[in-house]
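Me: Please take a close look at the metal site of this model and at what surrounds it. I would like one connected account, with the criteria stated.

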Amino acid sequence: MTDPFFQPISGFDLPRFAGVPSFMRLPHVPLDHDRLGDLQIGLIGVPWDSGTTNRPGPRHGPRQLRDLSTMIRAGHGVTGFRPFEAVNCADLGDVAPNPADISDSMARITAFYDQVRGAGILPLTAGGDHLSTLPILRSLAKDAPLGMIHFDSHTDLFHSYFGGQMYTHGTPFRRAVEEGLLDPKRVCMIGIRGTAYDTEDRDFAESVGIRVIPIEEFHARGPDDVMEEARGIAGSAPTYVSYDIDFVDPAFAPGTGTPEVGGPNSFQALQVVRLLEGVNMVGADLVEVSPPFDPSGNTAYLGVSILFELLCVMARARADGRV
Ligand code: MN
Ligand code: MN
């Protein structure tokens, strides 16, 4: 299976601080490239944060994530799995957003993912704020609703903001359920915490059968037990994984717009993704990295480490022919 064209550049050949920083040092394969049809997994940037209701910045996420992704090596440190030898992966570039128009940006994102899906490629996305996930789901769930495992401090299930604005990063999964993109009985939200204005989001979750695992339950039960339940909720049908970096405690991931204290540490942040093994992932994203709030790059480094864990689970599902 190993195709030399799709191998990442090794730090033994070119120092990791040198060269053009594509995701994980993979080749850049834009949608009109003649090798597009040979890909199984594509990494995509969505530099867009027009859905942000509080502190902005995730429009700068993909660029900093690409830079820090040069730290990632080809083999997994715990399992030894080598995803780039199991499936062909590449950096598909960025979706070009329209920062002045939310609905046009969403249409552009959906159109981009329609092309990716049409080429038989599973997308792994670096956001962008969490509204980015809605137009991705509009493409991936065209034929049938998906299950979803969602790591976040927030449910992102609110109805609207500011007197009727339906499209913000606090509302994507309310819209996704309303539009039939998600099967709420196969959705599990993990890590929910923080002060609240009201319980409208949690009431909605309960009314449609979304399983919410708040942070106190996560800490009490531990990652193994919680993730066993999450895998059971997703089942064997196609499932999306959406990972908001604010799931992680802000001591480890300060570079985000809406931090909430009392979260998992950086080890647990990776462990929960490793425990997704066996889930039939048809796509995943890592969103809400805001470089202006962490110019050190530590948050982005954790973000790309999470992306690598997600890639390993997806690559195994794809190599096994499950997705
Ligand atoms: Mn979120
Ligand atoms: Mn959040």
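Reply: Along the sequence, the residues that donate to the manganese ion (ligand 2) follow the spacing D-x1-H-x89-D-x1-D. The protein donors are Asp 152 (OD), His 154 (ND1), Asp 244 (OD), Asp 246 (OD) and Asp 246 (OD), at 2.1 to 2.5 Å from the manganese ion (ligand 2). Donors here are N, O and S atoms within 2.8 Å of the metal (3.2 Å for Na, K and Ca), and water is not among the atoms, so sites may look incomplete. Asp 152 coordinates both the manganese ion (ligand 2) and the manganese ion (ligand 1), and the two ions are 3.3 Å apart.

The model is predicted, local features need pLDDT of at least 70 and side-chain atom pairs count only at pLDDT 80 or more, whereas totals for chains, interfaces and linings use all residues. Residues are numbered from 1 along each chain as its sequence is written, chains are lettered from A and ligands numbered from 1 in the order in which they are written, and side-chain values use heavy atoms, with hydrogens and water left out.

His 154 also belongs to the lining of the largest pocket, where His 154, Phe 158, Tyr 161, Thr 195 and Tyr 197 are the closest to the centre among 27 lining residues. A pocket is an open set of points on a 1 Å grid over the protein atoms alone, where a 1.4 Å probe fits, with protein on both sides within 12 Å along at least five of seven lines; lining residues have an atom within 4 Å of a point. The volume of the largest pocket is about 710 Å³, taken as the space filled by probe spheres set on the points, which are joined across faces, edges and corners. Its lining comprises 5 nonpolar, 12 polar and 10 charged residues; Ala, Val, Leu, Ile, Met, Phe, Trp, Tyr, Cys and Pro count as nonpolar, Asp, Glu, Lys and Arg as charged, and the others, Gly among them, as polar.

Two of these central residues, Phe 158 and Tyr 161, form an edge-to-face pair, because their ring centres are 6.4 Å apart and their planes lie at 85 degrees. Rings of Phe, Tyr and Trp (its six-membered ring) pair if their centres lie within 6.5 Å, with planes under 30 degrees apart counted as stacked, over 60 as edge-to-face and the rest as tilted. Phe 158 is partly exposed at 22% relative accessibility, and Tyr 161 is likewise partly exposed at 22% (buried is under 20% relative accessible area, exposed over 50%, partly exposed in between; 1.4 Å probe, protein chains only).
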